[in-house]
Amino acid sequence: MDSFELDLQRDKFLKIFDNEIGEREGKEALREWLLGEDCDFFIAPASTKYHGNYEGGLCEHSIDVYEMAVRLENLYREDIRKQYLVLNRPYDRDQFMESLTIAALFHDLCKTNFYKTRTTGRNASYVVDEQLPFGGHGSKSVYILSKYLKDIKDEEAIAINCHMGFSRANDSTVSIGESFRYSPLAWIVHVADEAATFMLDRGSPET
Ligand SMILES: [Fe+2]
Ligand SMILES: [Fe+2]
């Protein structure tokens with residue numbers, strides 16, 4: 001992506017962030033960090049080897065997952081409402097959508113400050129350069145987000161933690177099925193991540 005495309009994409013992300021997330025403790029600190037020099041979220045790739053392995057790939061994928069999650073919520077809205085009834089927990093659609101936004105936009109936050117470029121001859125590529133060796137793929141994203149967003153909700157943390165589903169079930173000590181049964185949000189974010197990965201012509205954003 002060139003710098004014009006990167007700017008457009010960053011603005012699109014921030015518009016979703018500003019408009020779809022309400023007053024949350026630490027929201028401004030999170031925004032400042034994202035835009036600061038210590039954070040490469042808006043220019044980071046989404047992977048080393050696949051499509052999305054270019055500047056802006058991570059932000060692009062995060063927006064893709066958000067948009068897929070919105071589509072899925074549209075499709076399953078009534079089922080989601082019924083499932084909360086079955087679970088005997090209150091369902092507030094506005095809250096659900098805010099949590100969906102947070103979980104989708106930040107599910108891969110662990111990939112921030114995670115890659116560096118390597119130049120071999122004329123070719124530049126990305127390699128992993130882990131600067132925060134904490135936890136697993138999902139749990140690291142939860143940890144980073146919780147440094148800024150002080151009132152992260154259980155379902156947001158669960159959805160981010162198990163967004164890889166069964167493919168990285170070892171990130172979690174509880175079964176993934178248990179998490180999905182507990183949280184319709186977690187299932188939606190997982191399926192949205194799969195859809196963004198395999199139903200869009202961007203290849204696999206993992207690794
Ligand atoms: Fe991921
Ligand atoms: Fe992802």
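This talk walks through one predicted model, from the whole chain down to single residues.

Let's start with the overall layout. The chain holds eight helices and two strands. Read along the sequence, the order is α-α-α-α-β-β-α-α-α-α.

Next, the overall dimensions. Along its principal axes, the C-alpha trace spans about 60 × 35 × 30 Å. What radius of gyration would a compact globule of 207 residues have? The answer is near 17 Å, and the chain has 17 Å, so the two agree.

How much of the chain is buried? Buried residues make up 38% of the 207 residues. Now look at contacts with a separation of 6 or more. Of these, 70% are between residues 24 or more positions apart.

On to the strands. Strand S1 covers residues 115–120, and strand S2 covers residues 123–128. The two run antiparallel, and six bridges join them. Take one pair as an example. Lysine 116 has valine 127 in S2 as its bridge partner. Two residues lie between the strands in this hairpin. There, glycine 121 takes a positive phi near 65°. One general point while you look at the hairpin. In a regular strand, side chains alternate between the two faces of the sheet.

Two other residues have positive phi, and neither is a glycine. Asparagine 88 has a phi of about 60°. You'll find asparagine 88 in the loop between helix H3, residues 57–87, and H4. Is asparagine 88 buried or exposed? It has 6 C-beta neighbours inside 10 Å, so it counts as exposed. Asparagine 113 has a positive phi too, near 55°. Asparagine 113 lies in the loop between H4 and S1. With 17 C-beta neighbours inside 10 Å, asparagine 113 counts as partly exposed.

Now a helix pair. Two packed helices are described by the angle between their axes and by the distance between the axes. Here, helix H5 is residues 137–148 and helix H6 is residues 154–161. They pack at an angle of about 140°, with their axes 7 Å apart. The two helices are therefore oblique to each other.

Which residues meet across this contact? From H5 come Gly138, Ser139, Ser141, Val142 and Leu145. From H6 come Ala157, Ile160 and Asn161. By class, the contact has four nonpolar, four polar and no charged residues.

Let's zoom in on one of them, valine 142. Valine 142 sits in helix H5. It has 24 C-beta neighbours inside 10 Å, so it counts as buried. Setting aside residues up to four places away in sequence, valine 142 touches Ala157, Ile160 and Asn161. Now compare positions in sequence and in space. Phenylalanine 42 is 100 residues from valine 142 in sequence, and their C-alpha atoms are 18 Å apart.

Stay with H6 for a moment. Why is H6 described as largely enclosed by the rest of the structure? Because seven of its eight residues are buried. Those are Glu155, Glu156, Ala157, Ile158, Ala159, Ile160 and Asn161. What do they pack against? Their partners are helix H4 at 93–106, H5, helix H7 at 176–182 and helix H8 at 184–198.

One residue in H8 is alanine 186. Alanine 186 is buried, with 24 other C-beta atoms within 10 Å. Leave aside its neighbours within four places in sequence. Then alanine 186 is in contact with Glu155, Ile158, Ala159, Cys162, Ser179 and Phe180. Of these contacts, Glu155, Ile158 and Ala159 are among the buried residues of H6. Isoleucine 176 is 10 residues from alanine 186 along the chain, and their C-alpha atoms are separated by 9.6 Å.

Last stop, isoleucine 43. Isoleucine 43 is in the loop between helix H2, residues 27–35, and H3. With 17 other C-beta atoms within 10 Å, isoleucine 43 is partly exposed. Beyond its neighbours within four places in sequence, isoleucine 43 is in contact with Leu6, Glu55 and Gly56. Tyrosine 54 is 11 residues from isoleucine 43 in sequence and 8.3 Å away in space, C-alpha to C-alpha.

Conventions. Residues are numbered from 1 along each chain as its sequence is written. Chains are lettered from A and ligands numbered from 1 in the order in which they are written. This is a predicted model: local features need pLDDT of at least 70, side-chain atom pairs count only at pLDDT 80 or more; totals for chains, interfaces and linings use all residues. Axes are lines fitted to C-alpha atoms, for helices over the stretch in contact, and angles run from 0 to 180 degrees between N-to-C directions. Helices (H or I, at least four residues) and strands (E, at least two) are DSSP runs, numbered from the N terminus. Angles under 35 degrees count as roughly parallel, over 145 as roughly antiparallel, 65 to 115 as roughly perpendicular and the rest as oblique. Two residues are in contact if their C-beta atoms, placed from the backbone, lie within 7 Å. Ala, Val, Leu, Ile, Met, Phe, Trp, Tyr, Cys and Pro count as nonpolar, Asp, Glu, Lys and Arg as charged, and the others, Gly among them, as polar. Two strands pair if DSSP finds at least two bridges between them. The radius of gyration is taken over C-alpha atoms; the globule rule is 2.2 Å times the number of residues to the power 0.38. A residue is buried if 20 or more other C-beta atoms lie within 10 Å of its own, exposed if 12 or fewer, and partly exposed in between; C-beta atoms are placed from the backbone.
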